[in-house]
Amino acid sequence: MDNIIINIVNTIGDVYGVEAEDGQKVFELILKAFKENKKVHLSFQNIEMLTTAFLNTAVGQLYKDHSEEFIKANLSVSDLTESGKVALKRVVITAKLYYNDPEALQRSIDEITEG
């Protein structure tokens, strides 16, 4: 299996990974690589700010169609700040919960917001 390195700054053209639209660019590159049976390494080198919106779109939605085992075996990251690591971990936990049972999570959100 080949490997591909996706440099986030080069992909989005910015040091701020904040927009979901930019996360979508990264997601599409990851998806394309997976379809070509390539392992993906995400480099966050020189990224100064990340939001969960960006990470949800770039990484979180991978859990919709791929198992946790597949993602762990085929996706790696580097150069994340400590706050970026925390945000990514939170995104992954939420994505796994959501895609495991999206209706249950939506019911919980509805109960909280309507309650």
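A pocket is an open set of grid points with protein on both sides within 12 Å along at least five of seven lines, and its lining residues have an atom within 4 Å of a point. This report applies that idea, and several others, to a predicted model.

## The largest pocket

The largest pocket holds about 210 Å³ of space. Its lining consists of Val59, Tyr63, Ile71, Lys72, Leu75, Ser76, Val77, Leu88, Lys89, Val92, Ile93 and Lys96. Two or more of these residues come from each of α4, β5 (75-78) and α5. The greatest contribution is that of α5, which supplies 5 residues. Sorted by class, the lining comprises 8 nonpolar, 1 polar and 3 charged residues.

One of the lining residues, Ile93, has its place in helix α5. Ile93 counts as partly exposed because its relative accessibility is 42%, a value that lies between the limits of 20% for buried and 50% for exposed. From C-alpha to C-alpha, Ile93 is 25 Å from Ile4 in space, and the two are 89 residues apart in sequence.

## The nonpolar core

The largest nonpolar core has 28 residues, and those that touch the most other members are Ile8, Ile30, Leu42, Phe44, Phe54 and Leu75. Two or more residues of this core are given by each of α1 (8-12), α2 (20-35), β3 (38-43), α3 and α5 (82-100).

Ile30 shows how such a residue is surrounded. Apart from residues up to four places away in sequence, Ile30 touches Ile6, Val40, Leu42, Ala58, Leu62 and Leu75.

Ile6, one of the residues touched by Ile30, is found in strand β1 (residues 2-7). With a relative accessible area of 4%, Ile6 is buried, since the limit for that class is under 20%. When neighbours within four places in sequence are left aside, Ile6 is in contact with Thr11, Leu29, Ile30, Val40, His41, Leu42 and Ser43. Ser43 is 37 residues from Ile6 in sequence, while their C-alpha atoms are 6.1 Å apart in space.

## Aromatic pairs

A pair of aromatic rings is described by the distance of the centres and the angle of the planes. The whole structure contains 2 aromatic pairs, and the table gives both values for each.

| Pair | Centre to centre | Angle between planes | Arrangement |
|---|---|---|---|
| Phe34 and Phe70 | 5.0 Å | 90° | edge-to-face |
| Tyr98 and Tyr99 | 4.9 Å | 80° | edge-to-face |

Both angles pass the limit of over 60 degrees that defines an edge-to-face pair. Phe34 belongs to helix α2 and Phe70 to helix α4, so their pair ties together parts that are 36 residues apart in sequence. Phe34 is buried at 6% relative accessibility, whereas Phe70 is partly exposed at 28%. In the second pair, Tyr98 is partly exposed with a relative accessible area of 33%, and Tyr99 is partly exposed at 28%.

## A buried histidine

His66 occupies the loop between α3 (52-58) and α4 (68-74). His66 counts as buried because its relative accessibility is 18%. Beyond its neighbours within four places in sequence, His66 is in contact with Leu31, Phe34 and Ile71.

## Backbone angles in two loops

Most residues other than glycine have a negative phi. Two residues that are not glycine depart from this pattern. Asn37, in the loop between α2 and β3, has a positive phi of about 60°. Asp79, in the loop between β5 and α5, has a positive phi of about 65°. Asp79 is partly exposed, with a relative accessibility of 44%.

## Helix α6

Leu105 lies in helix α6, which covers residues 102-114. Its relative accessible area is 26%, so Leu105 counts as partly exposed. Leu105 and Thr94 are 11 residues apart in sequence, and their C-alpha atoms are 9.4 Å apart in space.

Definitions and conventions
Residues are numbered from 1 along each chain as its sequence is written. This is a predicted model: local features need pLDDT of at least 70, side-chain atom pairs count only at pLDDT 80 or more; totals for chains, interfaces and linings use all residues. Side-chain values use heavy atoms; hydrogens and water are left out. Helices (H or I, at least four residues) and strands (E, at least two) are DSSP runs, numbered from the N terminus. Buried means under 20% relative accessible area, exposed over 50%, partly exposed in between (1.4 Å probe, protein chains only). Contact means heavy atoms within 4.5 Å. A nonpolar core is a set of buried Ala, Val, Leu, Ile, Met, Phe, Trp, Tyr and Cys residues joined through side-chain atoms within 4.5 Å. Rings of Phe, Tyr and Trp (its six-membered ring) pair if their centres lie within 6.5 Å; planes under 30 degrees apart count as stacked, over 60 as edge-to-face and the rest as tilted. On a 1 Å grid over the protein atoms alone, a cavity is a set of points where a 1.4 Å probe fits but cannot get out, and a pocket is an open set with protein on both sides within 12 Å along at least five of seven lines; lining residues have an atom within 4 Å of a point. Grid points are joined across faces, edges and corners, and a volume is the space filled by probe spheres set on the points. Ala, Val, Leu, Ile, Met, Phe, Trp, Tyr, Cys and Pro count as nonpolar, Asp, Glu, Lys and Arg as charged, and the others, Gly among them, as polar.
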